[in-house]
Amino acid sequence: ATEVSANAQTSIVGVPAILLEVVDVGDPIELGHQGTYIITATNQGSTAGTNIRIVCQIEDKMKCISLDGATPGTVEGNTITFAPLPSLGTGTKAIWRVVTRAEKAGDVLFKVSMTTGEFARAVEETESTNLYE
């Protein structure tokens, strides 16, 4: 028989799988007191996620007091925008904290939207908090 040979090439491609979690610390919150929201992005995938952007919306019943975390943030009105995180490796977490003060009584929603270089749409998470007198 005539000798025959063949070549094959396999590419292994990973995917990022970024979980967004938002929790409030100390709910309910008395008027005039502070509450903290912790935002966590965890890459459960097999490759790094890129260009992770976190944007938060707070209601008029709260006031933003401070921000810290994986990237710096800015406040404009009721919108909090954190600078993009260039990369989030597999099995790693990025954490941001938003400290607010209760200004008016009522139920409020703290909304977080996350976009990445790999997701076609934003991932959204909402945390409910009760502000009381």
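Trainee: What makes S2 and S11 a pair?

Mentor: Count the bridges. Two strands pair if DSSP finds at least two bridges between them. S2 (residues 29-30) and S11 (residues 123-132) share two bridges, so they count as paired. They run in the parallel sense. A strand here is a DSSP run of E, at least two residues, numbered from the N terminus.

Trainee: What kind of model is this, and how are residues numbered?

Mentor: It is a predicted model, with residues numbered from 1 along each chain as its sequence is written. Local features need pLDDT of at least 70 and side-chain atom pairs count only at pLDDT 80 or more, while totals for chains, interfaces and linings use all residues, and side-chain values use heavy atoms, with hydrogens and water left out.

Trainee: Leu109 lies in S10. Why is Leu109 called partly exposed?

Mentor: Its relative accessibility is 35%. Buried means under 20% relative accessible area, exposed over 50%, partly exposed in between (1.4 Å probe, protein chains only). So Leu109 is partly exposed.

Trainee: What does Leu109 touch beyond its sequence neighbours?

Mentor: Leaving out residues up to four places away, Leu109 is in contact (heavy atoms within 4.5 Å) with Gln57, Glu59, Met62, Thr126, Glu127 and Ser128. Asn130 is 21 residues from Leu109 along the chain, with 8.9 Å between their C-alpha atoms.

Trainee: Why do S1 and S5 count as edge strands?

Mentor: Start with the sheet. Four strands form an open sheet in the order S1-S3-S9-S5, paired antiparallel. S1 and S5 each have a single partner strand, so one side of each lacks a neighbour in the sheet. From one strand to the next, the twist averages 20°.

Trainee: How do you know that S1 pairs with S3?

Mentor: Eight bridges join them, so the rule holds again. Glu21 stands opposite Thr40 in S3.

Trainee: What makes a set of residues a nonpolar core, and which members touch the most others?

Mentor: The members are buried Ala, Val, Leu, Ile, Met, Phe, Trp, Tyr and Cys, joined through side-chain atoms within 4.5 Å. The largest core here has 26 residues, and Ile39, Ile54, Cys56, Trp96, Val98 and Phe110 touch the most other members. Among the strands giving two or more residues to this core are S3 (34-43), S4 (49-57) and S9 (93-102). Beyond four places in sequence, the contacts of Ile39 include Leu20, Val22, Phe82 and Val112.

Trainee: Val55 is in S4. Is Val55 buried or partly exposed?

Mentor: Val55 has 27% relative accessibility, so Val55 is partly exposed. Its contacts beyond four places in sequence include Thr79, Thr81 and Lys111. Ile80 is another contact, with 5.6 Å between the C-alpha atoms of Val55 and Ile80.

Trainee: Why is the link between Glu103 and Arg101 called a salt bridge?

Mentor: The term needs a side-chain nitrogen of Lys or Arg within 4 Å of a carboxyl oxygen of Asp or Glu. The closest N and O atoms here are 2.7 Å apart, so the link qualifies. The structure holds one salt bridge. Glu103 is partly exposed at 36%, and Arg101 is partly exposed at 26%.

Notes:
Axes are lines fitted to C-alpha atoms, for helices over the stretch in contact, and angles run from 0 to 180 degrees between N-to-C directions.
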